[in-house]
Amino acid sequence: MIIAAVLYIVGVIGIELLGGRIDEQVGRHNPTYVVYSTIEEVLEMGGLVVFIYALMSYISTEFEDLRFRISS
């Protein structure tokens, strides 16, 4: 979960700051800004995916008999 938090925070704060700087200098229609924006979103979504994976792993380890059933 710590890795997930680090990925998410790096995307939200770190890359967002760099992207904002590029936006101020050259605008949003620059390929460099698009790359920074894409990296930011990938880190944010990657952090969420890692968090969900860690949470599901924890649940499966701690609650072995827990079952979910989805029916229509």
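The points below cover the basis of the model, its fold, its surface and its charges.

The model is predicted, so local features need pLDDT of at least 70 and side-chain atom pairs count only at pLDDT 80 or more, while totals for chains, interfaces and linings use all residues. Residues are numbered from 1 along each chain as its sequence is written, and side-chain values use heavy atoms, with hydrogens and water left out.

**Fold and dimensions**
- The protein contains 2 helices and 0 strands, where helices (H or I, at least four residues) and strands (E, at least two) are DSSP runs.
- Its radius of gyration, taken over C-alpha atoms, is 18 Å, whereas a compact globule of 72 residues would have a value near 11 Å; the globule rule is 2.2 Å times the number of residues to the power 0.38.
- Along the principal axes, the C-alpha atoms fill a box of roughly 55 × 30 × 10 Å.
- Among contacts (heavy atoms within 4.5 Å) with a separation of 6 or more, 68% join residues 24 or more positions apart.

**Burial**
- Of the 72 residues, 15% are buried; buried means under 20% relative accessible area, exposed over 50%, and partly exposed in between (1.4 Å probe, protein chains only).

**Charged side chains**
- A search of the whole structure finds 1 salt bridge, meaning a side-chain nitrogen of Lys or Arg within 4 Å of a carboxyl oxygen of Asp or Glu.
- Asp23 forms a salt bridge with Arg28, and the closest N and O atoms are 3.3 Å apart.
- Asp23 is partly exposed at 23% relative accessible area, and Arg28 is exposed at 52%.
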